[in-house]
Amino acid sequence: MQSTLHVTNGDSAAGGIQASGLSGEILSWRDVLHEGPVPAGLSLDGLSRVRAAYLAAEGMGDPATLERDLAERDNMLRRFSDFDEVILWFDWDLYDQLQVLQILDFLADFSRKDLEETGTRLSIVCIDGYLGTLAPDAFPQLNESRTEVSEEMLALARRAWTAFRSDDPRELERVARGDTSALKFLAGALERELEELPSVFNGLSRSESQVLEAIAHGPLSFNEVFKRCAIREERIFCGDVVMARYIERMSRKRTPLLAYPSGDAIDAPRTEEDSRAFRNAEMALTTAGREVLSGDKDWIEMGGSDRWLGGVHLDGEAARWRWDSEARQVIESGPKEPS
């Protein structure tokens, strides 16, 4: 019997593969790469340590457990040549496409000759939808439609992953504007990443703006905010844990944009008990939130987001890069000129 390693985006898809009856081992590539530092110049191990520290600091797990889990994940990937076939199972959204880039960049280190010597085939299934929502009986048919990972895919992934880890987002923009046909969902995902840069209009990222717009007409619970923001996305990629951190970030700056109706600052939940209360508690815009949303004030000038997007550090008021949604391009800019 041939041995297979299935690599996919998380526990839901992994459960579908397992329940489908497809044989092989399953590796879930759990990491929200669109949030937090993904700097250049680090090995797979080094980057995983940075990611574990970031995820722990964001309250997404115990530091030692996260570092151990990512190390085990990486070691499993290093064993890929022990298998007859490695199949990548991923969706079309930003969360998945960045994971695809990281994995393909790792595999690009191995030549066709290396793979021929071990007899390992590399295949990919990438759908215009969400694997985690599929019934188990959909996976065997998708498995039959899998395609070979081509040299063009590997080369494009390496360029895109390098650009994503650069401290200059124009590198990523150049890849998105170039020939990305080898990975058909990549261009849209990369542009969505660029939309997380501060807007030239008011300094808000697209995600931050969508949160404020959802609450603009009155206080809403987190559950309702999350649903309204998801509807706005062409390809849903942001989970509830990450969105809760967006809200906390906008509420915990010296001039908050969001607060509870009582005026108290909003903390993202760190425990299951906190999560239940957080989901149902209403939140509202502050006066500053309304002024930023209308473009009368600029979020970056007010302190903005100390945030990492791949290799780009948006360092509060010193944030160097902006996104022009009308021109659809990255610009290097200071604060918005007064109107």
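In which loop is the place of Ser 262?

## Ser 262 and the basis of the model

The place of Ser 262 is in the loop between β8 (258–259) and α13 (272–280), where helices (H or I, at least four residues) and strands (E, at least two) are DSSP runs numbered from the N terminus. At 56% relative accessibility, Ser 262 counts as exposed; by the cut-offs used here, buried means under 20% relative accessible area, exposed over 50%, and partly exposed in between, with a 1.4 Å probe and protein chains only. From C-alpha to C-alpha, Ser 262 and Leu 197 are 31 Å apart in space, and they are 65 residues apart in sequence.

This is a predicted model, in which local features need pLDDT of at least 70 and side-chain atom pairs count only at pLDDT 80 or more, whereas totals for chains, interfaces and linings use all residues. Residues are numbered from 1 along each chain as its sequence is written, and side-chain values use heavy atoms, with hydrogens and water left out.

## The sheet of β7, β9 and β8

Strand β8 also belongs to an open sheet of three strands, in the order β7-β9-β8, with antiparallel pairing; two strands pair if DSSP finds at least two bridges between them. Because β7 (220–221) and β8 stand at the edges, each with a single partner strand, one side of each is left without a neighbour in the sheet. Two bridges join β7 to strand β9 (residues 282–285), and these strands run antiparallel, with Leu 220 standing opposite Met 283 in β9.

## The sheet of β3, β10 and β11

Another open sheet has three strands in the order β3-β10-β11, and its pairing is mixed. Its edges are taken by β3 (36–37) and β11 (312–315), each of which has a single partner strand, so one side of each is left without a neighbour in the sheet. Strands of a sheet pair through backbone hydrogen bonds, either parallel or antiparallel.

The parallel part of this sheet is the pairing of β3 with β10, which extends over two bridges, and here Pro 37 has Gly 310 in β10 as its bridge partner. Strand β10 (residues 306–310) and β11, by contrast, run antiparallel and are joined by four bridges; Arg 307 stands opposite Leu 314 in β11, while the bridge partner of Trp 308 in β11 is His 313.

## The hairpin of β12 and β13

Strand β12 (residues 321–324) is joined to strand β13 (residues 329–332) by four bridges, and the two run antiparallel, with Arg 322 opposite Ile 331 in β13. The hairpin has four residues between the strands, and Arg 328 lies in this loop between β12 and β13. Although Arg 328 is not a glycine, it has a positive phi of about 55 degrees. At 28% relative accessibility, Arg 328 counts as partly exposed.

The axes of helix α4 (residues 94–107) and helix α9 (residues 186–194) come within 9 Å and cross at roughly 110 degrees; axes are lines fitted to C-alpha atoms, for helices over the stretch in contact, and angles run from 0 to 180 degrees between N-to-C directions. The two helices, α4 and α9, are therefore roughly perpendicular to each other, a term that covers angles of 65 to 115 degrees. On the α4 side the contact (heavy atoms within 4.5 Å) is made by Leu 94, Gln 97, Leu 98 and Leu 101, and on the α9 side by Leu 186, Ala 189, Leu 190, Arg 192 and Glu 193. These residues divide into six nonpolar, one polar and two charged, where Ala, Val, Leu, Ile, Met, Phe, Trp, Tyr, Cys and Pro count as nonpolar, Asp, Glu, Lys and Arg as charged, and the others, Gly among them, as polar.

For helix α11 (residues 222–232) and helix α12 (residues 240–251), the axes come within 11 Å and cross at roughly 105 degrees, which makes α11 roughly perpendicular to α12. Phe 222, Phe 226 and Cys 229 in α11 meet Asp 240, Met 243, Ala 244 and Ile 247 in α12. By class, this contact of α11 with α12 has six nonpolar, no polar and one charged residues.

## Ser 48 in helix α2

The place of Ser 48 is in helix α2 (residues 44–57), and with a relative accessible area of 5% Ser 48 is buried. Not counting residues up to four places away in sequence, Ser 48 touches Leu 70, Arg 73 and Asp 74.

Definitions and conventions. Angles under 35 degrees count as roughly parallel, over 145 as roughly antiparallel, 65 to 115 as roughly perpendicular and the rest as oblique.
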